[in-house]
Amino acid sequence: METLALPLFFSSFVTIYLIAYFVVFRNWNTKFRPEAASCSISLAHGTPAVLLATHSILADSTRGFASPNTKAENIVLDFSISYFLTDLLHYIVFYPRDLLFIAHHLATIFVFVTCRYVAFHGACAVLALLILAEVTSACQNAWTLAGSRRHDVVSAAKLYGLLSPPFYTFYSIVRGLVGPYLVYEMFVFYASGAAKGLIATWVWVSWMVVVVAAISVSILWISNLWVELYRERVGKSEKKIK
């Protein structure tokens with residue numbers, strides 16, 4: 001099963017993407033269809049990845065930041081590698097100039113691949129980060145889909161406005177507080193030499209660089225959204241007063 005997991009998962013995500021693009025969202029404007037198809041595979045990955053990763057970590061009695069990867073953890077890693085490969089192809093085909101997202105996906109794939117096929121240790125730490133990254137996925141994808149149609153569909157605009165504050169709050173807590181704390185704990189652990197002989201220094205250092213960069217970009221992104229929301233709400237209040 002382990003050896004077949006990666007191609008099976010990859011073909012599944014590609015299939016989901018194609019069905020979403022050519023069937024589910026066939027009546028949508030071609031401007032929005034690629035993003036909607038991308039959200040579809042993100043939904044198929046996000047919550048299942050959180051559940052699978054949580055189960056695999058809890059099932060590992062020897063879990064730790066440098067513990068050997070279990071079969072269950074390797075399957076989750078292959079599951080996520082497959083998703084990010086599919087979404088990377090999506091960006092290369094439809095948004096080749098979106099270098100930030102392409103770089104993000106390449107870096108994420110690098111972390112998963114080195115954990116799965118190079119270090120063979122540290123899946124507990126990597127999957128803990130995956131849980132934090134994907135726990136907001138369902139809400140974010142609903143928000144993204146509503147946002148893409150908010151200018152031409154009234155119900156989408158209402159849903160977008162309804163989801164924005166709670167989504168921003170949830171995302172801010174996860175990426176702005178819990179995420180940095182977990183990364184700090186990982187850095188202290190690895191820098192202490194506790195993983196010496198198990199995870200090569202260049203591997204865990206590269207993980208730290210990728211994760212710190214990703215969290216920094218996430219914090220900047222959500223901060224800009226909060227500013228936009230504030231300006232939007234202030235603008236509406238001023239119109240009402242006038």
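This is a predicted model: local features need pLDDT of at least 70, side-chain atom pairs count only at pLDDT 80 or more; totals for chains, interfaces and linings use all residues.
1. Where does Phe120 lie? Phe120 is found in the loop between helix 4 and helix 5 (123-134). The position is just after helix 4, and there Phe120 takes a positive phi of about 60°. Most residues other than glycine have a negative phi. Phe120 is a residue other than glycine, yet its phi is positive.

2. Helix 4 itself covers residues 99-119, which makes 21 residues. At 1.5 Å a residue the helix should span 30 Å, and its end C-alpha atoms are 28 Å apart, so the two values agree. Where does helix 4 bend? The bend is at Val113 and amounts to about 30°.

3. Which residues of helix 4 are buried? They are Ile102, His105, Thr108, Ile109, Val111, Phe112, Thr114, Cys115, Arg116 and Ala119. As background to such a list, an α-helix has 3.6 residues a turn, so residues three or four places apart point the same way.

4. A separate point concerns helix 1 (residues 2-24), where Val24 is found. Val24 counts as exposed because its relative accessibility is 53%, and the cut-off for exposed is over 50%.

5. Val24 also belongs to a nonpolar surface patch, made together with Leu18, Ile19, Phe22 and Val23. The area of this patch is about 460 Å².

Notes:
Residues are numbered from 1 along each chain as its sequence is written. Side-chain values use heavy atoms; hydrogens and water are left out. Helices (H or I, at least four residues) and strands (E, at least two) are DSSP runs, numbered from the N terminus. The expected span of a helix is 1.5 Å times one less than its number of residues. The bend at a residue is the angle between axes fitted to the seven residues ending there and the seven starting there. Buried means under 20% relative accessible area, exposed over 50%, partly exposed in between (1.4 Å probe, protein chains only). Patches are made of residues with over 30% relative accessible area and no salt bridge: like charges are joined within 9 Å, nonpolar side chains (Val, Leu, Ile, Met, Phe, Trp, Tyr) within 5 Å. Accessible areas come from the Shrake-Rupley method with a 1.4 Å probe; for residues, only the protein chains shown count as cover. A salt bridge is a side-chain nitrogen of Lys or Arg within 4 Å of a carboxyl oxygen of Asp or Glu.
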